[in-house]
Amino acid sequence: MLTAVLMAQAQMVNPIHFTSQLKIGKGAEAEIVFSATIDAGWHVYSTNLGQDGPIEASFGVVKMEGAEPVGRLTPRGKEIKKYDELFGMELRYFEQQVTFVQKIRFTKPQYTIDCYLEYGACNDQSCLPPTQVEFKQSGEAPKASPEASPSPSEGGDVKLPNNHDTTTLSNQTSPPSEGLGEALPDTATLSNQTPLSSEGLGEALWTPVVDELQAAAGSTPLTDHSLLYILLMGFIGGLLAVCMPCIWPIIPMTVSFFLKRGRGVKDAVTYGLSIIVIYLGLGLLVTALFGSDTLNALSTNAVFNIFLFLLLVVFALSFFGWFEIKLPDSWANKVDQKSEEFSAKASTGSKLSTLNSQLSILLMAFTLVLVSFSCTAPIIGLLLVETTTTGNWLSPALGMLGFAVALALPFTLFALFPSWMKQAPKSGAWMNTIKVTLGFIELAFALKFFSVADLAYGWRLLDREVFLSLWIVIFALLGAYLCGWLKFPSDEVGAEQHTPKPVLSIMGGLVSFAFALYMVPGLWGAPCKAVSAFAPPMYTQDFNLYNNTVEARFTDYEQGMAAARAEGKPVLIDFTGYGCVNCRKMEAAVWTDPRIADRLRNDFVLISLFVDDKAALDTPLEVIDEQGRHKTLRTIGAKWSYLESHKFGANAQPFYVIVDPATGRPLTSSRAYDEDADSYLDWLNQGLRH
């Protein structure tokens, strides 16, 4: 279900919004202030995190005359600290807003400042490449102090200007056969980086393919498939609700009531439509209250996921029969009373009476919703939990539509075909069996949401082997219950408690036992692909006998493309980063799949391009970005970041694209963070077929 949300659509994201200004004081000192507002779900890393951590905020100087930096770059704001197991260090970052301040001292009456702030930002799905906020200003200093060079202790994180001159297209004189001078017309010169291949493909390697990627993504019905899945999930939930003890027994009574009114079929159909309207309205209300942006933020919010975990545990316990979730009886009584009043007014035969009749049926449907709340609330809760965490604004409405259609279906069908009621199974112990089974399923799903919070805060309370152990116990107990070896309070009622379990229930118990046994090898590192979408990533496994890591053969774009042309293989470009947490998750949880590892090693040339590589380019590159602004690329990481945005129209990591080495064009849609290994394998196979 998350696949449709996480599949890359080759789009640029801009979650961090910076402004910069120079604040001049009364003396010779001033402050360069970089202020940012941060979109929900994203965070910007603080300063001085160390070389082995994510991209830290730092101050860089291109040119500074008549002024000099004083001290370190200073962050201001509510700094959050969290230990990260993947990096093995405490990380510090900011959410919502942050300000970075660099003090300077004027040394001459006239000053010229050309500097930048470089920062890193991530959310729970992707990271941005190292991003620069430029600041340029010149003018007359209010007061100048004697010029002095900053001491190492003061200027620890100030980046000094690169000693190399910047090369631009205007001073490029080498012919195309010597370099990539024509690779980026009017944007950049890459002549000193790699020679042009003998096939003359330098220009093709950097030609933008954004439109082609968007067309490929549009032709892949993933989003439609996901929404259809949600609709189907809601429909199945509605069918399960029909089989609950508080709904199934009232179907015959309700249908019989409508048939006695003389307009049974018409009224029953109206009754069914009323149920659909009520539940669909609930789904739309969830969307209206939260909105699409909030739903996206909630899907990865740790506190919200803890709340969902506790909510589903409560629902599960209620299905086990330990307590009952009920609305006040007075609510249902008042609604039922209003329904009877409208029904009495409907006997006059006027247009107003017709309206009263429809209102009475709507209120009767609402009475059913209130009376059946104890049975439907846990199912609706699970459904809304799943749909709201997809981040798709249509999901709650579609899920509730499917639920309502399934719930209303038996009322309408039995009214159309009354003889079917004689063949329908009578209420009994089988209903309680379904109810308790759903309790086990909700308990298993609850752990999924606790896992999200556990990973976000780095508690390491629910590592992969702990998660699998709990699921093994849950489904083993479910198997014991379905086979009749385990009883709950709700089962100890009536003579049916001594009746042997039906064959269908025992078969379900054996399936549950088999599923529990299937997960046992996962305790030692087996992939267990059937639960990979729910279990924590493989890197959280402390005891892992399974080792199938994959490393890229190339970390240079042009060299990798040349090798792929020589070998006649398609290229998988992996835009990644040393500080990209979700890149490591993909490598640990998806690339270790034996099927995927075999594909990456044998069928593709894998190129990993690190957008935060700080190694300096031999010659800085002057380019024009998508907004038409001049930009200087000083590091290898900046070059790969520009490639990602210029050619593929994306700027987040991880980002994967399969291209033809002969043309540089995509062979299928792009892909982003998604730990569904089966879907990733299908995507690789699709690229091979082209």
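1. N48 is partly exposed, with a relative accessible area of 38%. In this predicted model, N48 has a positive phi of about 55° although it is not a glycine. The residue sits in the loop that runs between β3 (43-45) and β4 (58-65).

2. Q96 is a further non-glycine residue with a positive phi, here about 70°. Its place is the loop between β7 (89-94) and β8 (97-106). Q96 counts as exposed because its relative accessibility is 61%, and the cut-off for exposed is over 50%.

3. The structure holds 1 disulfide. Its partners are C122 and C127, with an S to S distance of 2.0 Å. The link of C122 and C127 is right-handed, with 105° about the S-S bond. On accessibility, C122 is buried at a relative accessible area of 4%, and C127 is buried at 3%.

4. C483 counts as buried at 12% relative accessibility. C528 is also buried, with a relative accessible area of 6%. The cut-off for buried is under 20%, so the value of 12% for C483 falls within that class.

5. The count of aromatic pairs comes to 25. One of them is formed by F440 and Y481, a tilted pair with 6.5 Å centre to centre and 45° between the planes. This pair links distant parts of the chain: F440 belongs to helix α13 (residues 429-457) and Y481 to helix α14 (residues 464-482), 41 residues apart. F440 is buried, with a relative accessible area of 4%, and Y481 is buried, with a relative accessible area of 0%.

6. A second pair to check is that of F575 and F655. The ring centres of F575 and F655 are 6.2 Å apart and the planes are at 50°, so the pair is tilted. This pair, too, links distant parts of the chain, with F575 in strand β13 (residues 571-576) and F655 in strand β17 (residues 655-659), 80 residues apart. Both F575 and F655 are buried.

7. The pair of F440 and Y481 should be read together with its surroundings. Ring pairs join F440 and Y481 with F320, W322 and F488 in a cluster. Y481 also has a charge over its ring: the charged end of K501 sits there, 4.7 Å from the ring centre.

8. The largest cavity has a volume of about 130 Å³. This cavity is lined by 14 residues, of which E118, P130, Q132, K631 and A638 are the closest to its centre.

9. The lining of the largest cavity can also be described by element and by class. β16 (630-635) and α19 (636-648) each supply at least two of its residues. The largest share, 4 residues, comes from β16. By class, the lining has 5 nonpolar, 4 polar and 5 charged residues.

Definitions and conventions:
Residues numbered from 1 in each chain as written. Predicted model: local features only at pLDDT ≥ 70, side-chain atom pairs only at ≥ 80, totals over all residues. Heavy atoms only, no water. Phe/Tyr/Trp six-rings, centres within 6.5 Å; stacked < 30°, edge-to-face > 60°. Buried < 20%, exposed > 50% of the residue type's maximum accessible area, 1.4 Å probe, protein only. Lys NZ or Arg CZ within 6 Å of the ring centre and 35° of its normal. 1 Å grid on protein atoms, 1.4 Å probe; cavity = no way out; pocket = protein on both sides within 12 Å on 5 of 7 lines; lining within 4 Å. Points joined across faces, edges and corners; volume = space filled by probe spheres on them. Nonpolar A, V, L, I, M, F, W, Y, C, P; charged D, E, K, R; others polar. Disulfide = S-S within 2.5 Å.
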